[in-house]
Amino acid sequence: MKKYSYIGIAFIVLIFGIYAVPKIVNRFKTHELVTIGTVPSYEFTNQDGKQISDAFYKDKVYVIEFFFTTCPTICPKMNANMVKLQNEFYGNSEFGIASFSINPEYDTPEILKEYAKLHGATLKNWNFLTGDKETIYNLANKGIALYAGENSEAEGGFEHSGMFALVDKQGTIRSRLDEYGNPIAFYDGLDAKNIQMLKEDIAILLKE
């Protein structure tokens, strides 16, 4: 009787292994990140008055956003979520953030430095960038495809995308696929689920 009990237990363990182990393995399997485009060359001034170009981020994984310091709507939440990304990868010299102001005439390096301080942006590789307005708008709209523009009827006088772009160590914009196998392209900077996905995908790129 005891012998048959052992056989029964062994059979149950075998069945569990056949059905459960593959599911556990698939749960931790990394997914594919596809190519969306390439970030064009750029050079702007950061919050410390230093010239920062795309070369600064060579061999780094980084996240791009477009914002402005006097934004009364989505920017505060976007940057609160950006701080979450900062904290997740704090101390990793291969991670960075680039925040481009779409109101560069107001957002001087001094203004940006104070904004960074107020919002808890302490990551060494987080640059708040300002410069020629037309060049910034071209980078946003044509170079990366994240909308930015002036609108006197919009709150704050400007409109811009609330999405984040994920860039790999070679300067290529990357993203995961959705449930239908289509690239999501960018990550919603206002959505907790998207921020979690972004954390996961940054971790994948850091290992490449």
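**Close-up views of a predicted model**

Asn125 sits in the loop between α3 and β6. The model is predicted, so local features need pLDDT of at least 70 and side-chain atom pairs count only at pLDDT 80 or more, while totals for chains, interfaces and linings use all residues. Residues are numbered from 1 along each chain as its sequence is written, and side-chain values use heavy atoms, with hydrogens and water left out. Helices (DSSP runs of H or I, at least four residues) and strands (runs of E, at least two) are numbered from the N terminus.

**View 1. Asn125 and its surroundings.**
Asn125 counts as buried, at 9% relative accessibility. Here buried means under 20% relative accessible area, exposed means over 50%, and partly exposed lies in between (1.4 Å probe, protein chains only). Leaving aside residues up to four places away in sequence, Asn125 touches Phe56, Tyr57, Lys60, Ser93, Phe95, Gly96 and Ile97. Contact means heavy atoms within 4.5 Å.

**View 2. The rings of Phe56 and Tyr57.**
A search of the whole structure finds twelve aromatic pairs. Phe56 and Tyr57 form an edge-to-face pair, 4.9 Å centre to centre with 75 degrees between the planes. Rings of Phe, Tyr and Trp (its six-membered ring) pair if their centres lie within 6.5 Å; planes under 30 degrees apart are stacked, over 60 edge-to-face, and the rest tilted. Phe56 is partly exposed, with a relative accessible area of 27%. Tyr57 counts as buried, at 2% relative accessibility. Lys60 lies over the face of Phe56, at 4.9 Å from the ring centre. For such a placement, NZ of Lys or CZ of Arg must be within 6 Å of the ring centre and within 35 degrees of the ring normal.

**View 3. Phe66 and Phe100.**
Phe66 and Phe100 form a stacked aromatic pair: 5.2 Å centre to centre, 25 degrees between the planes. The pair links distant parts of the chain, with Phe66 in strand β4 and Phe100 in strand β5, 34 residues apart. Both Phe66 and Phe100 are buried. Together with Tyr42 and Phe44, they form one aromatic cluster.

**View 4. The largest nonpolar core.**
This core holds 56 residues, of which Val63, Ile64, Phe66, Leu85, Phe100, Ile144 and Ile202 touch the most other members. At least two residues come from each of several elements, including β4 (61-67), α2 (75-88), β5 (95-101) and β9 (163-167). The most come from α5, which gives seven residues. A nonpolar core is a set of buried Ala, Val, Leu, Ile, Met, Phe, Trp, Tyr and Cys residues joined through side-chain atoms within 4.5 Å.

Pro109, Leu112, Tyr115 and Ala116 of α3 are buried. Seen down the axis of α3, its buried residues fall within an arc of 120 degrees, so they line one face of the helix. The arc is taken from the directions from the helix axis to the C-beta atoms. These buried residues pack against β2 (43-45), β4, α2, β5 and β6. The face turned away from the buried side of α3 carries the exposed residues Glu110, Lys117 and Leu118. Just after α3, Gly120 takes a positive phi of about 75 degrees.

**View 5. Cys71 and Cys75.**
Cys71 counts as buried, at 7% relative accessibility. Cys75 counts as buried too, at 1%. The structure has zero disulfides, a disulfide being a pair of cysteine sulfur atoms within 2.5 Å.
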